[in-house]
Amino acid sequence: MARYPSIQQITGAVLINRLQYSVLNENLDSIMAGLDVQSNDDVLAVCGSGDAAFAFLEHAASVVAVDRLPVQIEYANKRRWYLATGDTASFLREEDCLVGAMDTEKEDRDAYFLKPGRLDAIRSKLALASFVHADVFDVVEQRKGFTKIYLSNVIDHCYKNKDDVVVKLKKVAAALQHDGLVYACSTHSSLAKQMMGIGPTISLLVDQERTSKAGQVYTGGDRDVWYPVVLRKAA
Ligand SMILES: C[S@@+](CC[C@H](N)C(=O)[O-])C[C@H]1O[C@@H](n2cnc3c(N)ncnc32)[C@H](O)[C@@H]1O
């Protein structure tokens, strides 16, 4: 599918009811390399297409995926049903949406999930996932103790100024257990640098090894260029 217009080109009224993302427009190998999800992890994830949340579920103790758009949560729950009933084709189908993925992104996403045994492993853990209509910055105020948080590029979506980024990341840090990780990314290298720079003031230190592992996966070409940042909660 060809790339649809960027979110910034679409006016607000249309956004509420239309599906925006049906296929991850990032790279799952990069996200997994960055967040290093393990069997004892309680993960909070921004939902979007739901792809990252389903990928985390293979390894995690629990996954809570949230989105401020109800239509994305309905979509993720529908995909969960397809997975539960063994309908892999529908689980991987790209539905009409506002922000399409590049063909190469869908191919990579499909190849990730079609690794032998992977969908069965995720299917066996569906009871450990919940998909919730909520703003992630409200959730981190109400619920603490996550060990991994996938923010995707929500900061791109709500960027006001550097001070506001500090406030938002501080809330995220407060919801993380000691040594927990946050995976954030941006399509702007300057914002990624800003996130790395403000981390120390709010007990979120750049995990250089994980950031560089996540960054190595991007190959450029016809894809969006993402700048991933992995931050670790310090004492
Ligand atoms: C941040 S990206 C994640 C999409 C991801 N790259 C994918 O392809 O699935 C866009 C999603 O984040 C959601 N979103 C943006 N800001 C949010 C917030 N503050 N809280 C919850 N969801 C948010 C949007 O509604 C959209 O579904």
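Start by colouring the model by pLDDT, the predictor's confidence in each residue, from 0 to 100. The protein averages 90, and 89% of the residues score at least 70. Now select residues 1–10. Here the pLDDT is below 50, and the stretch has 14 contacts in the model beyond near neighbours in sequence. Two residues are in contact if their C-beta atoms, placed from the backbone, lie within 7 Å. Where pLDDT is low, the predicted coordinates should not be read in detail.

This is a predicted model: local features need pLDDT of at least 70, side-chain atom pairs count only at pLDDT 80 or more, and totals for chains, interfaces and linings use all residues. Residues are numbered from 1 along each chain as its sequence is written.

**The whole fold**

Switch to cartoon view. The protein has 12 helices and 7 strands. Helices (H or I, at least four residues) and strands (E, at least two) are DSSP runs, numbered from the N terminus. Of the 235 residues, 42% are buried. Buried means that 20 or more other C-beta atoms lie within 10 Å of the residue's own; exposed means 12 or fewer, and partly exposed is in between, with C-beta atoms placed from the backbone. Among contacts between residues at least 6 apart in sequence, 78% join residues at least 24 apart.

**The ligand**

Select the ligand and its shell. A residue is near a molecule if its C-beta atom, placed from the backbone, lies within 6 Å of it. The ligand is surrounded by 22 residues, and G48, S49, R68, V136 and S152 are the closest. β2 (62–67), α8 (136–142) and α9 (154–158) each supply at least two residues of the shell. Helix α9 gives the most, with 3 residues. By class, the shell has 9 nonpolar, 8 polar and 5 charged residues. Ala, Val, Leu, Ile, Met, Phe, Trp, Tyr, Cys and Pro count as nonpolar, Asp, Glu, Lys and Arg as charged, and the others, Gly among them, as polar.

**Strand β4**

Next, select residues 146–152. This is β4, and 7 of its 7 residues are buried. Two strands pair if DSSP finds at least two bridges between them. Strand β1 (residues 42–46) runs parallel to β4, joined by 3 bridges. Look for V43, whose bridge partner in β4 is K148. β4 also pairs with β5 in the parallel sense, over 5 bridges. Y150 stands opposite Y183 in β5.

**Helix α11**

Move to residues 189–198. Which residues of α11 are buried? They are L191, A192, Q194 and M195. Seen down the axis of α11, they fall within an arc of 155°, so they line one face of the helix. That arc is taken over the directions from the helix axis to the C-beta atoms. The face turned away from the buried side carries the exposed residues S189, S190 and G197. The cover over the buried residues includes α9, α10 (162–174), β5 (176–186) and β7 (227–233).

Select S203, in the loop between α11 and β6 (204–206). S203 is not a glycine, yet has a positive phi of about 65°. Go on to D36, in the loop between α2 (28–35) and β1. D36 has a positive phi of about 50° and is not a glycine either. Most residues other than glycine have a negative phi.

Finish at D110 in helix α6 (residues 103–113). D110 is partly exposed, with 14 other C-beta atoms within 10 Å. Its C-alpha atom is 10.0 Å from that of D51, 59 residues apart along the chain.
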